[in-house]
Structures are given as structure tokens and as C-alpha cells.
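Please keep the sequence and the model side by side while reading.

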Amino acid sequence: MINLYYLSTCPYCKKVIDFLDSNNIEYKLLDINEHENFNKLLKIGKKRQVPFIVDTNTGNVMYESADIIEYLTKEYL
């Protein structure tokens, strides 16, 4: 499962969401406007930047939409 930390106003987050949707990859959205999600993002990733994913299947974490899409392509397609 992919946990995606995001903001609804972030165009890079939208790019990752569109990729996930178009490739039928299961994911969970975690809006960092919610205090608990924001704190988890800082604890795991150490900075306030989105999009950020946590792949619960592999333990991989990463920022940057292009890197995320490249990773998802290799791991899930």
C-alpha cells in the first residue's frame, strides 16, 4: 500500500494522484492539513514537503513527484 502525504492545492501531488489512479495502484491519501498527518510526515520525512510517499510493502520513502512516479513504475507496473 502506498501512503501519499499531500495537499489538495499542490499540483505535484495531483500529478502523483493522477498517475496512481490511471494505473490502478492502491493508495491512501493523508492530507497534511490534518495535524496528525503533518506530524507523521515530519517524523518520517523530516521536512514539510509534499508529495511524499511511504510504501508500506517495501519500507521505501521518498519526495519529488518525478522520483515517485519513476519508483512506482518500476515497482508496480
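This is a predicted model: local features need pLDDT of at least 70, side-chain atom pairs count only at pLDDT 80 or more; totals for chains, interfaces and linings use all residues.

The chain has three helices and four strands, where helices (H or I, at least four residues) and strands (E, at least two) are DSSP runs numbered from the N terminus. Read from the N terminus on, these elements follow one another as β-α-β-α-β-β-α. The four strands form an open sheet in the order β2-β1-β3-β4, with mixed pairing, two strands being counted as paired if DSSP finds at least two bridges between them. Because β2 (27–31) and β4 (61–63) stand at the edges with a single partner strand each, one side of each is left without a neighbour in the sheet. Neighbouring strands of the sheet are turned by 20 degrees against each other on average, direction ignored; for such angles, axes are lines fitted to C-alpha atoms, for helices over the stretch in contact, and the angles run from 0 to 180 degrees between N-to-C directions.

Strand β1 (residues 2–6) runs parallel to β2 and is joined to it by five bridges. Besides the pair already named, L4 stands opposite L29 in β2. Helix α1 (residues 11–22) packs on the sheet, where it touches β1 and β2, and its direction makes about 155 degrees with that of β1; contact here means heavy atoms within 4.5 Å. Together, β1, α1 and β2 make a right-handed β-α-β unit, a crossover being right-handed if, with the strands pointing away from the viewer, the path from the first strand over the helix to the second runs clockwise.

β1 also pairs with strand β3 (residues 52–55), in this case in the antiparallel sense and over four bridges, and here Y5 stands opposite F52. In general, strands of a sheet pair through backbone hydrogen bonds, either parallel or antiparallel. How many of the five residues of β1 are buried? Five of its five residues are buried, a term that means under 20% relative accessible area, with exposed meaning over 50% and partly exposed in between (1.4 Å probe, protein chains only). In a regular strand the side chains alternate between the two faces of the sheet. In β1, I2, L4 and Y6 point one way and N3 and Y5 the other way, and all are buried.

N37 is found in helix α2, and it counts as buried because its relative accessibility is 6%. Not counting residues up to four places away in sequence, N37 touches Y5, L30, D31 and I32.

The loop between α2 (35–45) and β3 holds Q49, and K46 and P51 are also found there. K46 has a phi near 75 degrees, a positive value in a residue other than glycine, and it counts as exposed because its relative accessibility is 65%. A cis peptide bond, with omega about 0 degrees, joins V50 and P51. Q49, at 23% relative accessibility, counts as partly exposed. The C-alpha atoms of Q49 and L7 are separated by 9.5 Å, although the two residues lie 42 residues apart along the chain. With residues up to four places away in sequence left out, Q49 touches L41, Y63 and E64.

E64 has a positive phi of about 75 degrees although it is not a glycine, and with a relative accessible area of 44% it is partly exposed.

Some values describe the chain as a whole. Along its principal axes the C-alpha trace spans about 35 × 25 × 20 Å. A compact globule of 77 residues would have a radius of gyration near 11 Å, and the chain has 11 Å, which agrees; the radius is taken over C-alpha atoms, and the globule rule is 2.2 Å times the number of residues to the power 0.38. Of the 77 residues, 42% count as buried. Among contacts with a separation of 6 or more, residues 24 or more positions apart account for 52%.

Note on methods: Residues are numbered from 1 along each chain as its sequence is written. Side-chain values use heavy atoms; hydrogens and water are left out.
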